[in-house]
Amino acid sequence: MVTADEIRSVSIFSDLGPAECERLARTAADIRLQAGEYAIHAGDERALYAVLEGRLETIGVVDGIARVVGGRAAGDLVGEVPIAFGTPFPLGFRAAEQTRLLRLSAQDYHALVAAVPAVGVKLGALARDRIGGLQGITADRPPPRALVLGERWDPACAQLRRFLDRNQVTFTWITPDTPEAAEHFGEPLPEELPVVRIVDGHWTLPRPEHRRVAELLGLTTHPRAREYDAVIVGAGPAGLAAAVYGASEGLRTIVVEREAPGGQAGTSSRIENYLGFPSGVSGDELASRALEQARRLGAEILVTRSVSAIDPSTRELHLDGGDALTAQTIILACGVSWRQLPIEGFDRLIGKGVAYGAARSGRRTCTGSTSTSWAPATQPGRLRSSSPHTRAA
Ligand SMILES: Cc1cc2nc3c(=O)[nH]c(=O)nc-3n(C[C@H](O)[C@H](O)[C@H](O)COP(=O)(O)OP(=O)(O)OC[C@H]3O[C@@H](n4cnc5c(N)ncnc54)[C@H](O)[C@@H]3O)c2cc1C
């Protein structure tokens, strides 16, 4: 249990009288964490914490990878900005070593401020200072992790960029015809394109396999275990939702995705009909939020791996490239494969930035006439359509 002396050692409580410190000591939760355990996840509801012993790391998710962007030592407060502005936590906090925290719920904090307004004034001043630090973190974008050199209309280059985008990897793309291309690339331009350079390790890969790129970028491509409670095939919205529910129930859950998380929804610029997003949400954002949620709850997400065979009698799944997994439950969330137009030249045009889509209703309206629905790509190679269901001409 937190003691009255420990309450008084927290800067904003230093002026409280003995009775108030005793009352707060009875109200505050005493939280003990091992190194690596999270005290707070980004998006958690507001509350006020103080570090009593040990140290917390501030965690921001950059390029889909959790990174340490700051820290809090013994005596520091955590949560003054969410408390002051009524917002959820913008960043996560995890213990860097054995750590002890006190936690005050938002209601208990406001009850205290009603009795002792000076506490609110002190907290407001700390929150203002902290906002400056948060702005620094947001402005301090990390340098791109990859450099892509490739032709604008080359489908392999478009696929590579889409792959990096969907795995939330920041990258710079240059085309060989830009004047400063060689200078940017740092060596004579190779003939075989596209090329990706992984900035961290200085690897340069011509016409790379996506799995190799994923490995060099530190994305998860191999399962950590052989047995799982739930194996989910496909990381579209259905697969990620299954992963969230499985992992949140404490099941050992893994998602196997042959490309990148998000599925078809990841390519939509605006989804208006997803529950809980009254103003709509981009497919990218929906996918990255779902991915973060699934990972936070403990689901393992493999990318660039396909499930190539399943033996229903043993519930064994075989992955391309050799790994095998067993599962209590297998969930197939593989989405659909689109039927392709049986016309000459289709393969040549696919991925060049023009898309066609029409819903059943559109087909009925257009029966007997020639009609096309175009979704011009606002970024080369990226499909930019609010929905194929709504764009039938
Ligand atoms: C441009 C666009 C806009 C859209 N807009 C809307 C909208 O506004 N509203 C709406 O309701 N719907 C919209 N949709 C449809 C919506 O995206 C889909 O209904 C939804 O994504 C289906 O989700 P899913 O998880 O079932 O499958 P998918 O999203 O298709 O995901 C399946 C995943 O499984 C993976 N996979 C398949 N086989 C394997 C295997 N053997 N091994 C490993 N992985 C595998 C695939 O790579 C894929 O990532 C849109 C679709 C597109 C393309």
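**Entry 1: aromatic pairs**

I looked up Tyr 49 and Phe 89 and found that both are buried, a term that denotes under 20% relative accessible area, with exposed meaning over 50% and partly exposed the range in between (1.4 Å probe, protein chains only). The model is a predicted one, in which local features need pLDDT of at least 70 and side-chain atom pairs count only at pLDDT 80 or more, while totals for chains, interfaces and linings use all residues. Residues are numbered from 1 along each chain as its sequence is written, and side-chain values use heavy atoms, with hydrogens and water left out.

I then searched for ring pairs, taking rings of Phe, Tyr and Trp (its six-membered ring) whose centres lie within 6.5 Å; planes under 30 degrees apart are stacked, over 60 edge-to-face and the rest tilted. The count came to three aromatic pairs. Tyr 49 and Phe 89 form an edge-to-face pair, because their ring centres are 6.1 Å apart and their planes stand at 65 degrees. Tyr 49 belongs to strand 3 (residues 47–53) and Phe 89 to the loop between helix 3 (80–85) and strand 7 (92–95), so this pair ties together parts that are 40 residues apart in sequence. Helices (H or I, at least four residues) and strands (E, at least two) are DSSP runs, numbered from the N terminus. I also noted that ring pairs link Tyr 49, Phe 89 and Phe 93 into a cluster.

The pair of Tyr 274 and Phe 277 is tilted, at 6.3 Å centre to centre and 50 degrees between the planes. Tyr 274 is partly exposed, with a relative accessible area of 37%.

**Entry 2: the ligand**

I examined the 29 residues around the ligand, of which Ala 238, Glu 257, Gln 264, Asn 273 and Val 307 come nearest; a residue is near if one of its heavy atoms lies within 4 Å. By class, the shell holds 13 nonpolar, 12 polar and four charged residues. Domain 3 (227–332) and domain 4 (340–393) both give residues to this shell, so the ligand lies between them.

I next listed polar contacts (pairs of N or O atoms within 3.5 Å). An oxygen atom of the ligand lies 2.7 Å from a polar side-chain atom of Glu 257. A polar backbone atom of Ala 265 is 3.2 Å from an oxygen atom of the ligand. An N or O atom in the side chain of Asn 273 is 2.9 Å from a nitrogen atom of the ligand. Taken alone, the ligand exposes 1000 Å², and the protein buries 81% of that.

Conventions:
A polar contact is a pair of N or O atoms within 3.5 Å; within protein, one must be able to donate a hydrogen and the other to accept it, and residues adjacent in sequence count only if both atoms are side-chain atoms. Accessible areas come from the Shrake-Rupley method with a 1.4 Å probe; for residues, only the protein chains shown count as cover. Ala, Val, Leu, Ile, Met, Phe, Trp, Tyr, Cys and Pro count as nonpolar, Asp, Glu, Lys and Arg as charged, and the others, Gly among them, as polar. Domain bounds come from an automatic or database domain assignment.
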